[in-house]
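Here are my notes on the model you sent.

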Amino acid sequence: MTTTSPFQDIKPQRPWQASTKDRLITFAIFLLSILASVVVVSFTGLSGKLGLFVSFVFVFIFVTSGRSYLQFGSAVAKDSLVNILVAVGTFLTIIPIASILFEVFSKGYKGLYPGLFFQDMSLNSPNDPANVGGLGHAIVGTFLLVSIALIFSVPIGILTALYLTEIKGKFSRPIRFLVQAMSGVPSIVAGLFILSAILYPITKNNSSLLGSLALAILMIPTVARTSEEVLNLIPNDLREAGVALGGTQWRTVAMIVVPAAKSGLLTAVILGIARIAGETAPILLVAGGGDRYNFNPFSGPMGSLPHFIWNSFRAGTPESTARAWTGLLVLLVIVFVLFAIARFFGNRKVGK
Amino acid sequence: MSTTETTYLIPEKRVVTTKPRFSDKVFRGVVTGGGLSSLVILGLIFGFLLYQGFDIFKSQGIGFITNSDWDITYDESGYVLSNQFGLASMLIGTILCAFIAVLIAVPISVASALYLSFYAPEWLKKPMVAIIDLMAAFPSLLFGIWAYFILMPSGAYWAKLLNNYLGFLPFFKNELRIFSNSPFVVSLILAIMIIPIITSISREVFAQAPLDRIQAAYALGATRWAMIRAVVIPHGRNGVIGGAMLGLGRAMGETVAVYTVLNIVFTINWQILVGAGGNVASMILLKFGEASAYETKALMAAGLVLFVLTLIVNFFSDLLVRSFGAKGK
């Protein structure tokens, strides 16, 4: 026995959704506006891509809003106007990033060759053609700089986050503000601080350890803020369960909360690395910048990717500029990979 | 039937106390210490820069901020004969560029945040958010070199257009007719750098707009824009302003990207299209290479001024974002 509902054939009506006809009309207006902007550019003083873009936007806005105004009235006309404006805003946000990615890849890939990753620049100047020398020393330097910075910044960052989420003491508000303020410290000030506090009075020499200290200052706020967000996501039930089983707060945090937030904390650290891997100004002040391999972080100038790019850029010849773009490509790929790893871990469910 | 005597072992009464164990005391101590380290680091930065720059503040007085000459002369043995350090042109240049950058960036960021929150189709939303976050993580060196090679020619062309049509305004005057290396191009690159920051903060703020009111607005027949104007903007205004202030702080402290583009000159310049301007952070980097010990002290003092300036901006930004969070409805 089957009962058929009398309403079964009636589809729900969605009058707010654009019908095919609406879409076709929008598309037609879009094409017409492009055509109109081409006409405007060819017959008036406007010229170039900028003129094309501006006249297109104006024509499109005018026609679409005018049509909405005639058909539905002023409220809908305003709505469609804003509709176009937000789309234009997003377009303007995306244009620079697309241009940066395009330029770095198209200008940088020419300099790639296997030796690039193993040789250093001690035997050639930045003005040599791109197929001699390499940035092996810079990669080693960046690796050392970042790993030593991690030793300082990860404990401090995570402890700060733990204070804000687990202890919630009376300093929580000021510390949250200070971490925020620290994330706004200009990178050159961090370099100057290391210069004034350690390099001038104590060591008097560049070394990558000092660079790491400056980078750690810049990395702590990123790690602390991201870790705080992650730890806040851990359900309070877990903490209560830990305490109810007789655990002290120390054991609850160390055995339950931190393991549950493991992947999130890893994300925080990786985002921190991405933040400092390309940091240039403090490195220029304190880490020196050698052009040969240096595996000792405690003495001697240490090359690094940003420094390599900076030197190549400053040399100014076509060859060195090409080398700078190649360096940027390598740096960009590193940041990109770090970012992808961070998103991969960040997207996993907390608590697994 | 025999009666067995059972002895009950009555355990000693447990001591119930709220006093933390020793391990907890250590834990709390360590964590609190770690938490206070940000205070310590900021204090140390302030203290050391003040210590190193103290001579300069003493000898230059208030002139360090109000003058705009930067001269130092030595005799043959390297003894300082006369010196004159003034940051006015650099400070004005820094604030001017950062301010214009925020003026350019805020409308674009708010528009893209609105698009991502309320207009974008689902399939587009996630990749777009990822790309904009990635852009926030780009190193400033990348922006700097891109700006020098790619943005500067276009920027100079746009500056020429502005000068042609709006040249009667004192801001857009340019008698030299040279448009590269100008504060205008610096503002453009700074705007591009802070757009992702302001966008992601605005997006977070908009995401917290109360859903019931959004739906109520729609139910009353509001268009999308009417809903945004009635619900989202009143709710998110402070948060967006706070995000803009945060972007302002970032733009003020930017070093490398400004250094590559700007032509640093120690005169106060309000004409943003002229290829001469000032910037504290870039000036420090520029002068550092050739600076003597005494001049380095002046650079430290300049660093301290920049540090305090960004702290103040960050403080107000934090206040605004917080006040938004406290309202929370």
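**Notes on the model**

1. Chain A is assigned domain 1 (21–110) and domain 2 (136–347), with bounds taken from an automatic or database domain assignment. The centres of domain 1 of chain A and domain 2 of chain A, taken over C-alpha atoms, are 41 Å apart. In their contact, 6 residues come from domain 1 of chain A and 6 residues from domain 2 of chain A; two residues are in contact if their C-beta atoms, placed from the backbone, lie within 7 Å.

2. The side of domain 1 of chain A that touches domain 2 of chain A has 3 nonpolar, 1 polar and 2 charged residues. Here Ala, Val, Leu, Ile, Met, Phe, Trp, Tyr, Cys and Pro count as nonpolar, Asp, Glu, Lys and Arg as charged, and the others, Gly among them, as polar.

3. This is a predicted model, in which local features need pLDDT of at least 70 and side-chain atom pairs pLDDT 80 or more, while totals for chains, interfaces and linings use all residues. Residues are numbered from 1 along each chain as its sequence is written, and chains are lettered from A and ligands numbered from 1 in the order in which they are written.

4. Chain B has 11 helices and 2 strands, where helices (H or I, at least four residues) and strands (E, at least two) are DSSP runs numbered from the N terminus. Their order from the N terminus is α-α-β-β-α-α-α-α-α-α-α-α-α.

5. The C-alpha trace of chain B spans about 120 × 70 × 30 Å along its principal axes. Of the contacts in chain B with a separation of 6 or more, 75% join residues 24 or more positions apart.
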